[in-house]
Amino acid sequence: MMTDPTEAVVQFEREPLRLPWPADGNPGAFLQFETGAQWRDFVTGLGVDPRIPAIVRARFDRAQRLYLFGWIDFNLIKAGELAALIALELSLMDRYGGAISRRKRSFKTLLLHMVEVDGLTDAQIPMSVRCGGKAIGQLTGETKPTLADRRNLLAHGDPFDGLPTGGLLELVRDLINYAYRGYIAEAAAIGRPA
């Protein structure tokens, strides 16, 4: 009897999984995973800071789980993208929602607020620093599709259309950690471990 569902991923045999994902110094790289264990270790290594509120962690964990089971059914990665963007939207509503009038508040305005008001730059996004890429345009609208566009397409279009968006889970993780950086610092100051 299997008690840990991730064991199904480890035991499932398939051809190597190759997908677009930024690598060190290369924002347009492809990564290849030979085994379910490699994929599991990669996906579980992309978790948000454990000091982030439980409701956000639970939503992000759902996204990770869908990505993880993408080893068995590749389409689940696209569902994981939607779950990740929903976790990000919840985070932004929590952290910035009160600063934007209810009538103007949307995922798009919350992403823009992160850049224009909270000062987010590519230099503060670990994935951008690691790979040398630029992500801010996906928040401001300079790059299409934006994260808001992607969320809308996944939610209202065909969520299983197309290939996965390279690095989306990692980018969302970095943005959630950024939005909660003050919260994380306060938790660390009172001795709550990471």
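**Exercise 1. Find how much space lies in the largest pocket, and say what lines it.**

Step 1. Start with the volume: the largest pocket holds about 230 Å³ of space. A pocket here is an open set of points on a 1 Å grid over the protein atoms alone, where a 1.4 Å probe fits and protein lies on both sides within 12 Å along at least five of seven lines; lining residues have an atom within 4 Å of a point. Points are joined across faces, edges and corners, and the volume is the space filled by probe spheres set on them.

Step 2. Now look at the 19 lining residues, where P22, P27, M127, Q138 and G166 are the closest to the pocket's centre.

Step 3. Sort the lining by type: ten residues are nonpolar, seven polar and two charged. In this count Ala, Val, Leu, Ile, Met, Phe, Trp, Tyr, Cys and Pro are nonpolar, Asp, Glu, Lys and Arg are charged, and the others, Gly among them, are polar.

Step 4. Trace the lining back to helices: α6 (126-131) and α9 each give at least two residues, and α6 has the largest share, with three. Helices (H or I, at least four residues) and strands (E, at least two) are DSSP runs, numbered from the N terminus.

A quick word on the ground rules: this is a predicted model, so local features need pLDDT of at least 70 and side-chain atom pairs count only at pLDDT 80 or more, while totals for chains, interfaces and linings use all residues. Residues are numbered from 1 along each chain as its sequence is written, and side-chain values use heavy atoms, with hydrogens and water left out.

**Exercise 2. Work out which residues touch the most other members of the largest nonpolar core.**

Step 1. Know the term: a nonpolar core is a set of buried Ala, Val, Leu, Ile, Met, Phe, Trp, Tyr and Cys residues joined through side-chain atoms within 4.5 Å. Buried means under 20% relative accessible area, exposed over 50%, and partly exposed in between (1.4 Å probe, protein chains only).

Step 2. Among the 51 residues of the core, W39 and I176 touch the most other members.

Step 3. See who contributes: at least two residues each come from β1 (17-20), α2 (36-44), α3 (54-69), α4 (76-96), α5 (107-116), α8 (147-156) and α9 (168-179). The largest share, nine residues, belongs to α4.

Step 4. Zoom in on I176, which touches V48, I52, V56, F60, A87, L88 and S91, leaving out residues up to four places away in sequence. Contact means heavy atoms within 4.5 Å.

**Exercise 3. Decide how the buried residues of α8 are arranged around its axis.**

Step 1. Pick them out: L147, A148, R151 and L154 are buried in α8.

Step 2. Look down the axis: these buried residues fall within an arc of 130°, so they line one face of the helix. The arc is taken from the directions from the helix axis to the C-beta atoms.

Step 3. Check the face turned away from the buried side, which carries the exposed L153 and H156.

Step 4. Find the partners: the buried residues of α8 pack against α4, α5, α7 (137-140) and α9.

**Exercise 4. Is E81 buried or exposed?**

Step 1. Locate E81 in helix α4.

Step 2. Read its relative accessible area, 1%, so E81 is buried.

Step 3. List its contacts beyond four places in sequence: Y67, L154, P164, T165 and L168.
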